[in-house]
Structures are given as structure tokens and as C-alpha cells.
Amino acid sequence: MVNNHDRVVIRGLRGVAAAETKISFVEPLGALYYLGYNIDALVEHVCYEEVVYLLLHGKLPTRKELDELKSQLIAEMILPEAVINNIKSFPLNSHPMEVLRTEISHLSMYDPDPESTSEHVNIRRAIRLVAKVPTIVATLHRTRTNQQLVAPNEEVGLPENFLYLFRGKTADSEEKEAIDRFMTLHADHGFNASTFAARVTASTNSDMYSAVTGAVGTLKGPLHGGASEKVMYMLDDINTEEEVEDYIQGMLDDQKKIMGFGHRVYRSEDPRTKHLRVIAGNLCHRTNTMNLYNLCRRIENVVHEKKKIFPNVDFYAAVTLNALGVPFDFFTPFFASSRICGWTAHVIEQYKDAVLLRPSSSYVGEYGRPFTPLEKR
Ligand code: CMC
């Protein structure tokens, strides 16, 4: 018998490179690159749809290519009637991430080219998902709050339309910039857990919808994208800046994780945080909620003093979405609605790599246990 219990286990796959990728690079010292472009430059100079094009095609679009993609995205924001009806039928207490996970899976039954696995069709499929995921999220919110569904506005881009479909009112220029930047900053992030889940599914040559459905389920967890919602519950629990020190110390004494802090890869501040901090600050200023922003700054200082860890993307993302009027339980669906372009790009890259992702394990159980028949147990 082969003895495999002495195989080296890299617990949590920490530091393991599971494949090569050209899509994004998470630099531990605090930088993030999409296809070689620093996120700091992208967030300042390009719109979200340019990022979508970049991730799916590996290059920034020309004006004509961008215009074409924008039109395609708006046209694809329409959902099949059956998906809308399903969304209306879910129990009111189901979490929006549960609905999203289910309806992405449902969408696969309405794919116009179900048999084709060509790259061209997969890019087309990715565009459908990038457009339809935000609409699923908006449709659920409108339905839950007994508000009429709104049709996409062909005059504006996808991020602005996402807010429009969700809230039913046109975003002003500051809100438009905020949602565009939010989506750009969340578009991709190396081999994070949900992307890895998508790639594992794609590596079996399963379809893109299955891969993305798995990714949504993975993102939902509070150690990953589910953290942003939890951040807001924490902020709700702390009433004043004076309470921060005791609250954080209490959490640490109870061995609890502070949501929106820490990261598997970054050893300094998450490069997305500085952008989201500015966006959140500006929105809080407009909405007269600077007390919330100041509370966050205090929490940052106290957590850093005590644990030497920094806020990650979810911390100020939560404050940003809150200021845009998004309910807490829709925070992670907004994350998913942006990360969908990274997931689909990784699925396409994984198909090209054409290797089954299948690690081994170190078996530490017993061998040859004596068998007792059912009636004698
Ligand atoms: N609160 C308290 N302590 C923490 C936290 C935290 N949020 N994060 C890390 N630590 C501690 C950790 O316990 C360890 O302490 P010690 O050395 O005393 O055992 C030390 O800091 C180093 O931790 P690490 O090895 O760098 O962390 P990890 O890779 O095991 O975990 C993490 C990464 C993201 C799961 C963790 O930081 C966490 O649970 N954070 C809270 C949840 C969260 O905000 N998730 C979002 C992650 S980033 C965006 C996304 O994926 O959505």
C-alpha cells in the first residue's frame, strides 16, 4: 500500500501558485495590476466597460470597440421572463446572494448557444453574464420593495444603469463616478477563493454558468465577499468613536475577526482601500454621515495599533454602498456584479490552460478497520 500521510500539506494553499495567469497580479507589498496596468491608473483614467474589455480581450478597446461593447451590454441587461418570475417567487427571507446564485444557474437554460464552447461564444457568454448579473440584483431589490421594474437607459453605461435599475432614479455625476470606480476596483483580484472555485469548475470542462454559480457561493462567505455586509453590522453596533477601543479589544479578546480587516496576500494596505476611502469620504460628506466615516477612521487606527493589520477592500466598500442607498444584504451582490467580469475572464483562461485542477491530500485516517455488518452494529 502506498503511504501518503507524509505528503507535504500546504494548509489553506497559502503561497501555492496553482496556475499561471495574465489577468491580474496581487502584489503583496500593496499593488494590483489588471493585464499589467496598475489599478491606480485604471481607476483614474478608464471606465468600467474598458476594464471589462481589457479582462476579456487582454487589451484596452478602441473607441469603436468600446462603443460596441457598451451597446451589447445594455442590450444584454434584459432578463428572460422566467428568471424575473422566479425572482418574484422566492421567500422574502432568502438572502440576495442565495437568489443570485440560483438565478445565475437558471440563466444557463436560456443560453442561445448551449452546445458551443468556442472562445468567441464564451466571450459572448461572459458579456451576457456581466450585463445580466446586475439586473438580477436590481430586479430582486425592486421586487422586494414593491417597486416597478425599470428598463435600462441606452444613453448611459452599465454601472450607472445598475444604480438606475436598482434605485429607479438617475445617478448624479458624483454617484456615477462612485459606482464606476467601485466596479472597476472589484473587477478582478488574482486567485482569490471565488475565482479559484470558478477555475476548478472550468477545469473539468464544465460550463461557464456552473463555474460562476460556484464562485457566487464562495464569495458569499464572510471571510470573503460576505465581509462587507458584516462591516456594516459592526458599524451599527458601535455608537461613538469613544466606544471603538473597548469594542475592538472585546472582539480580539473573544478571538473574533474584525470584518473588513486583514488579507491573505497583502502585507501592507490593500491598494483598493485608498480609493474607496476617498469615495466613501466624499459620499458621507454629501449625505451628512461624516460621523460614520470618522468612526471608520478611528476603527482603522485602533485595529492597526492592536493587530498591525489594515482595512481590506470590503471596509470602505461597505460605507460607499451604504451612502449610495444600497441595503446591507445587497452589498455582496454588488461585489459579485462587479467581479463577474473577472470570474468569466478566468474561466476562459482556464479553458485555454486545459488542465484538470485536482490536488491530492495527505490521508491521516485509519487503514483496514474491522467491518461489522449492519445488524451487529
Ligand atoms: N481580525 C482580527 N485578527 C485578524 C484579522 C481580522 N480581520 N485578520 C487577520 N488577523 C490576525 C490573524 O488571526 C493572525 O493573528 P495571529 O498571528 O495572532 O494568529 C494574523 O492577523 C495574521 O493573519 P493572516 O495569516 O494574515 O490571515 P489569513 O490569511 O489567515 O486570513 C482573512 C485572511 C481575510 C481570512 C482574515 O484576515 C479575515 O478573516 N478577515 C476578516 C474577514 C474579511 O474582511 N474578509 C475579506 C477579505 S479581502 C476581500 C475579499 O476577499 O472579499
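Helices (H or I, at least four residues) and strands (E, at least two) were taken as DSSP runs and numbered from the N terminus. The structure is a predicted model, in which local features need pLDDT of at least 70 and side-chain atom pairs count only at pLDDT 80 or more, while totals for chains, interfaces and linings use all residues. Residues are numbered from 1 along each chain as its sequence is written, and side-chain values use heavy atoms, with hydrogens and water left out.

The protein chain contains 16 helices and three strands. Its radius of gyration (taken over C-alpha atoms) is 22 Å, close to the 21 Å given for 377 residues by the globule rule (2.2 Å times the number of residues to the power 0.38), so the chain is as compact as a globular protein of that length. Along the principal axes, the C-alpha atoms fill a box of roughly 70 × 55 × 45 Å.

The ligand is surrounded by 22 residues (a heavy atom within 4 Å), of which His224, Ile258, Gly260, Phe261 and Arg264 are the closest. This shell divides into 10 nonpolar, six polar and six charged residues; Ala, Val, Leu, Ile, Met, Phe, Trp, Tyr, Cys and Pro count as nonpolar, Asp, Glu, Lys and Arg as charged, and the others, Gly among them, as polar. A nitrogen atom of the ligand lies 2.8 Å from a backbone N or O atom of Phe261. On its own the ligand has 940 Å² of accessible area (Shrake-Rupley method, 1.4 Å probe), and the protein covers 72% of it.

Helices H2 (48-57) and H16 (331-353) each supply at least two lining residues, and H16 gives the largest share, five residues. Seven nonpolar, three polar and six charged residues make up this lining.

One cavity of 30 Å³ or more was counted. The largest cavity holds about 30 Å³ of space and is lined by Asn153, Val156, Glu160, Tyr164, Thr170 and Ala171.

Key: Polar contact = N/O pair within 3.5 Å; in protein donor to acceptor, adjacent residues only side chain to side chain. 1 Å grid on protein atoms, 1.4 Å probe; cavity = no way out; pocket = protein on both sides within 12 Å on 5 of 7 lines; lining within 4 Å. Points joined across faces, edges and corners; volume = space filled by probe spheres on them.
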